[in-house]
Amino acid sequence: MAKRILLCDDEVSILRAAEFKFQRAGYDVLVAFDGEQGWEAICAAVPDIVITDCQMPRLDGLGLITRIRSRPDLAELPILLLTAKGYELAVEELTQRYKVARVLAKPFSPRELLQLVESLIGPAHGSLQPAGCAGCGNFEA
């Protein structure tokens with residue numbers, strides 16, 4: 001079973017470029033256009049890693065991360081935060097407060113993003129994650 005990546009970003013071009021790169025590497029890719037859709041995707045099928053934009057409509061990336069980190073069963077889920085405001089963010093605070101694996105400034109290289117994901121969760125095949133998350137009303141053991 002391929003490892004699952006959740007991509008959350010309201011910029012279609014970024015989503016499609018990253019989705020294409022990850023799919024070619026063999027990952028199962030879920031796409032969300034805002035944090036609310038991302039949260040719904042997590043509740044339906046817990047990914048192996050979340051890659052989220054900081055600024056999105058309805059629920060931004062930090063709001064999504066806060067929801068994820070409020071759940072003990074998702075506390076160790078690796079998260080990468082993408083931002084066009086890299087120079088305005090306190091990267092060290094974000095990585096410590098939200099337990100974000102890395103903050104990446106846009107634009108970024110899809111190849112480098114793939115390498116970072118591989119370093120965090122390994123190659124695309126071999127994951128045995130549960131189908132949902134406890135408390136979402138959709139958990140399967």
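# Close-up views of a predicted model

**View 1. The aromatic pair.** Ring centres within 6.5 Å make a pair, and by this rule the count comes to one aromatic pair. F22 and Y27 form an edge-to-face pair, because their ring centres lie 6.0 Å apart and their planes meet at 85°. The edge-to-face class needs planes over 60 degrees apart. Both F22 and Y27 are buried. The model shown here and in every view is predicted.

**View 2. Helix α1 and its buried side.** Helix α1 spans residues 12–24, 13 residues in total. From first C-alpha to last, α1 reaches 18 Å, close to the 18 Å expected at 1.5 Å a residue. Its buried residues are I14, L15, A18, E19 and F22. They lie on the same side of α1, because they cover an arc of only 120° around the axis. An α-helix has 3.6 residues a turn, so residues three or four places apart point the same way. On the other side of α1, S13 and R24 are exposed.

**View 3. What α1 packs against.** Which elements do the buried residues of α1 pack against? Three are strands: β1 (4–8), β2 (28–32) and β3 (49–53). Helix α5 (110–121) is also among the partners. Just after α1 comes G26, with a positive phi of about 100°.

**View 4. R111 on helix α5.** R111 lies in helix α5. Is R111 buried or partly exposed? R111 counts as partly exposed, because its relative accessible area is 46%, between the 20% and 50% limits. The C-alpha atoms of R111 and A18 are separated by 8.8 Å, although the two residues are 93 apart along the chain. A18 belongs to the buried residues of α1.

**View 5. D10 in the loop.** D10 is found in the loop between β1 and α1. D10 counts as partly exposed, because its relative accessibility is 35%. Leaving aside neighbours within four places in sequence, D10 is in contact with F33, D53, Q55, M56 and P57. The C-alpha atoms of D10 and A32 lie 7.8 Å apart. Along the chain, D10 and A32 are 22 residues apart.

**View 6. The largest nonpolar core.** In soluble globular proteins, nonpolar side chains tend to be buried together. The largest nonpolar core here holds 24 residues. Which of them touch the most other members? They are I42, V50, L64, I68 and L81. The elements giving two or more residues to this core are β1, α2 (35–44), α3 (61–69) and β4 (79–83). I68 touches W39, I42, V50, L74, L77 and I79, not counting residues up to four places away in sequence.

**View 7. The whole chain, for context.** The secondary structure comes to five helices and five strands. From the N terminus on, the elements run β-α-β-α-β-α-β-α-β-α. Of the 141 residues of the chain, 47% count as buried. Among contacts between residues at least 6 apart in sequence, 66% join residues at least 24 apart. The chain exposes about 7,100 Å². Carbon and sulfur atoms supply 52% of that area.

Conventions:
Residues are numbered from 1 along each chain as its sequence is written. This is a predicted model: local features need pLDDT of at least 70, side-chain atom pairs count only at pLDDT 80 or more; totals for chains, interfaces and linings use all residues. Side-chain values use heavy atoms; hydrogens and water are left out. Rings of Phe, Tyr and Trp (its six-membered ring) pair if their centres lie within 6.5 Å; planes under 30 degrees apart count as stacked, over 60 as edge-to-face and the rest as tilted. Buried means under 20% relative accessible area, exposed over 50%, partly exposed in between (1.4 Å probe, protein chains only). Helices (H or I, at least four residues) and strands (E, at least two) are DSSP runs, numbered from the N terminus. The expected span of a helix is 1.5 Å times one less than its number of residues. The arc is that of the directions from the helix axis to the C-beta atoms. Contact means heavy atoms within 4.5 Å. Accessible areas come from the Shrake-Rupley method with a 1.4 Å probe; for residues, only the protein chains shown count as cover. A nonpolar core is a set of buried Ala, Val, Leu, Ile, Met, Phe, Trp, Tyr and Cys residues joined through side-chain atoms within 4.5 Å.
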